[in-house]
Amino acid sequence: MANIKYTVPGMTDADAERVITLLQDRLHAANDLHLTLKHVHWNVVGPHFIAVHEMIDPQVEAVRGFADDLAERIATMGGSPKGTPGSIVDNRSWEEYSLGRGTTQEHLGALDLVYQGVISSYRSGITELGDLDPVTEDMFISQTDKLELFHWFIRAHLEDKGGSLSTEGASSEKDAAQSAG
């Protein structure tokens, strides 16, 4: 990362650079997630198509908004947000979403794992931000709240009446899709 020339009042440049790194990681994740959700929206089929198709669009819009907020926070702190496709691919720590056309249950099973990864990363960031920057910590908490709600929407389709998830124990999107399908 390039050295910043300024940051918000009351924060050291070193702390700001670490916060910017955390923000940039979440920006990559939000950009990837909203594109993945749109991909699912276009490729989901089956008897519950319309319910899932319509459930996904508000998630896409919210996550796009998260990306904008994260990018603007980076700029506010004196950084330069990176939102190009190449920067996402070059810097992500997760694999490309692997399902194409699939049933609602297959995509929801895969999305269960996607949301688990995104939410876990946000929670790790929240833990670190508590000491660095309460303003960015608050942003992460707010976005995590919404992501956890969206995850529940996904999981409600995967849960049986006893509370067990069809994706329990799945270690990859393909495993989760197969378990849920």
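**Reading helix packing**

Reply: Start with a pair of helices: H2 and H4 cross in a left-handed sense. Keep in mind that this is a predicted model.

Me: At what angle do H2 and H4 pack, and how far apart are their axes?

Reply: The angle is about 20 degrees and the axes are 13 Å apart. Angles under 35 degrees count as roughly parallel, so H2 is roughly parallel to H4.

Me: Which residues of H2 and H4 meet?

Reply: Phe49, Val52, Met55, Ile56, Gln59, Phe66 and Leu70 come from H2, and Thr104, Leu108, Leu111, Tyr115 and Tyr122 from H4. Sorted by class, this contact of H2 with H4 has 10 nonpolar residues, two polar and no charged ones.

Me: How do H2 and H5 cross?

Reply: Helix H5 covers residues 134-156, and its axis comes within 11 Å of the axis of H2, crossing at roughly 165 degrees. Angles over 145 degrees count as roughly antiparallel, so H2 and H5 are roughly antiparallel to each other. The crossing of H2 and H5 is left-handed.

Me: What classes of residue make up the contact of H2 with H5?

Reply: The contact of H2 with H5 has 14 nonpolar, three polar and three charged residues. On the H2 side the residues include Gln59, Asp69 and Arg73, and on the H5 side they include Gln143, Lys146 and Phe150.

Me: Take glutamine 59 next. Is glutamine 59 buried or exposed?

Reply: The test is relative accessible area, with under 20% counting as buried. Glutamine 59 has 1%, so it is buried. Glutamine 59 sits in helix H2, which spans residues 49-76.

Me: What does glutamine 59 touch, apart from residues up to four places away in sequence?

Reply: Glutamine 59 touches Leu37, Tyr115, Phe150, Phe153 and Ile154.

Me: Which side chain makes a polar contact of 2.6 Å with the side chain of glutamine 59?

Reply: That of tyrosine 115; the 2.6 Å polar contact joins the two side chains.

Me: Where does histidine 107 lie, for practice?

Reply: Histidine 107 lies in helix H4. Its relative accessibility is 0%, so histidine 107 counts as buried.

Me: Which residues is histidine 107 in contact with, leaving aside neighbours within four places in sequence?

Reply: Histidine 107 is in contact with Val40, Asn43, Val44, Tyr97, Leu99, Gly100, Arg101 and Gly102.

How values were computed:
Residues are numbered from 1 along each chain as its sequence is written. This is a predicted model: local features need pLDDT of at least 70, side-chain atom pairs count only at pLDDT 80 or more; totals for chains, interfaces and linings use all residues. Side-chain values use heavy atoms; hydrogens and water are left out. Helices (H or I, at least four residues) and strands (E, at least two) are DSSP runs, numbered from the N terminus. Buried means under 20% relative accessible area, exposed over 50%, partly exposed in between (1.4 Å probe, protein chains only). Contact means heavy atoms within 4.5 Å. A polar contact is a pair of N or O atoms within 3.5 Å; within protein, one must be able to donate a hydrogen and the other to accept it, and residues adjacent in sequence count only if both atoms are side-chain atoms. Axes are lines fitted to C-alpha atoms, for helices over the stretch in contact, and angles run from 0 to 180 degrees between N-to-C directions. Angles under 35 degrees count as roughly parallel, over 145 as roughly antiparallel, 65 to 115 as roughly perpendicular and the rest as oblique. A crossing is left-handed if the near helix is turned anticlockwise from the far one by less than a right angle, and right-handed if clockwise. Ala, Val, Leu, Ile, Met, Phe, Trp, Tyr, Cys and Pro count as nonpolar, Asp, Glu, Lys and Arg as charged, and the others, Gly among them, as polar.
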